[in-house]
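Please keep the coordinates open while reading.

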Amino acid sequence: MAVPDYNIVCDSREQLPLWKSGVVIKRLDVGDYSIEGLEEEICIERKSLCDLFSTLGSGHKRFKAELERAKSLKYFAIVVDGTLTACVNKDFTGANYSQMKGHVIASIMFTLHVKYGIPIFFTSGRSESKTLIRNLFKAYIQCRGQKNHL
C-alpha cells in the first residue's frame, strides 16, 4: 500500500531543526514535529541528550505539563538524539553541566514509557532521529488509512 504524501510540521520554537527546508514551520502546542493537518493527532518530541538532562532536571514541571497536553493525542513519542549507553554514561557534549546521574535519567524515561505508554526511542544521533521520525509518520499515515485505523 502506497503512503500518501504529507508535509512535516516543525515547531517554530525548535532550536536546531532536523530539516532545514521542505517542512512547514509553525507553533505546535505539543512536541517538536507533526504532520500538517494532523497536529491534533500525532506529535513527536525530540531531545538532544543535553536537553534531556536539562528538561528532566530543572525543566521537569514544564515537561510534565507538556506530557499532560500530549494525552489528548492518538500518538506521541519521544525521540532522543543519543544512545542509551551515552545517556547512562553521560558521554555527550555538555554532560558536565548537569548534576543529574545518567542512570537516573534513563530510569525516568523508562518510567514514562511504562506508566504512561509513551514510546521512547534512543538513536545514534540527529541523522537517525530524522529517519526515525519520517518512518513513524509514514507508519502512522499508513495505519490511519487502513480499515481498523488508529
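1. Ground rules. This is a predicted model, in which local features need pLDDT of at least 70, side-chain atom pairs count only at pLDDT 80 or more, and totals for chains, interfaces and linings use all residues. Residues are numbered from 1 along each chain as its sequence is written, and side-chain values use heavy atoms, with hydrogens and water left out.

2. Fold. The chain has five helices and six strands. These are DSSP runs, numbered from the N terminus (helices: H or I, at least four residues; strands: E, at least two). In sequence order the pattern reads β-β-β-β-α-α-β-α-α-β-α.

3. Dimensions. The radius of gyration of the chain is 15 Å, which agrees with the value near 15 Å for a compact globule of 150 residues. That radius is taken over C-alpha atoms, and the globule rule is 2.2 Å times the number of residues to the power 0.38. Along the principal axes, the C-alpha atoms fill a box of roughly 45 × 35 × 25 Å.

4. Burial. Of the 150 residues, 43% count as buried. Buried means under 20% relative accessible area, exposed over 50%, and partly exposed in between (1.4 Å probe, protein chains only).

5. Salt bridges. How many salt bridges does the structure hold? There are eight. The criterion is a side-chain nitrogen of Lys or Arg within 4 Å of a carboxyl oxygen of Asp or Glu.

6. Glutamate 39 and lysine 26. This pair forms a salt bridge, with the closest N and O atoms 3.0 Å apart. Glutamate 39 lies in the loop between strand S3 (33-35) and strand S4 (42-48), and lysine 26 in strand S2 (residues 24-26), so the pair ties together parts that are 13 residues apart in sequence. Glutamate 39 is buried at 14% relative accessible area. Lysine 26 is partly exposed at 35%.

7. Arginine 144 and glutamate 41. Here the closest N and O atoms of the salt bridge are 2.8 Å apart. Arginine 144 sits in helix H5 and glutamate 41 in the loop between S3 and S4, so this bridge links parts that are 103 residues apart in sequence. Arginine 144 is partly exposed, at 36% relative accessible area. Glutamate 41 is buried, at 14%.

8. Glutamate 45 and lysine 47. Their side chains meet in a salt bridge (3.1 Å, N to O). Glutamate 45 and lysine 47 are both buried.

9. Positive patch. Lys20, Arg126, Lys130, Arg134 and Lys138 form a positive surface patch. Patch residues have over 30% relative accessible area and no salt bridge; like charges are joined within 9 Å, nonpolar side chains (Val, Leu, Ile, Met, Phe, Trp, Tyr) within 5 Å. Lysine 138 belongs to helix H5 (residues 126-145). Lysine 138 counts as partly exposed, at 35% relative accessibility.

10. Nonpolar patch. Leu84, Val88 and Phe110 form a nonpolar surface patch with about 220 Å² of accessible area together. Areas come from the Shrake-Rupley method with a 1.4 Å probe. Phenylalanine 110 is in helix H4 and is partly exposed at 41% relative accessible area.

11. Glycine 117. Where is glycine 117 found? Glycine 117 is in the loop between helix H4 (102-116) and strand S6 (120-122). At 49% relative accessibility, glycine 117 counts as partly exposed.

Note on methods: Lys, Arg positive; Asp, Glu negative; His and termini not counted. Charge placed at Lys NZ, Arg CZ, Asp CG, Glu CD.
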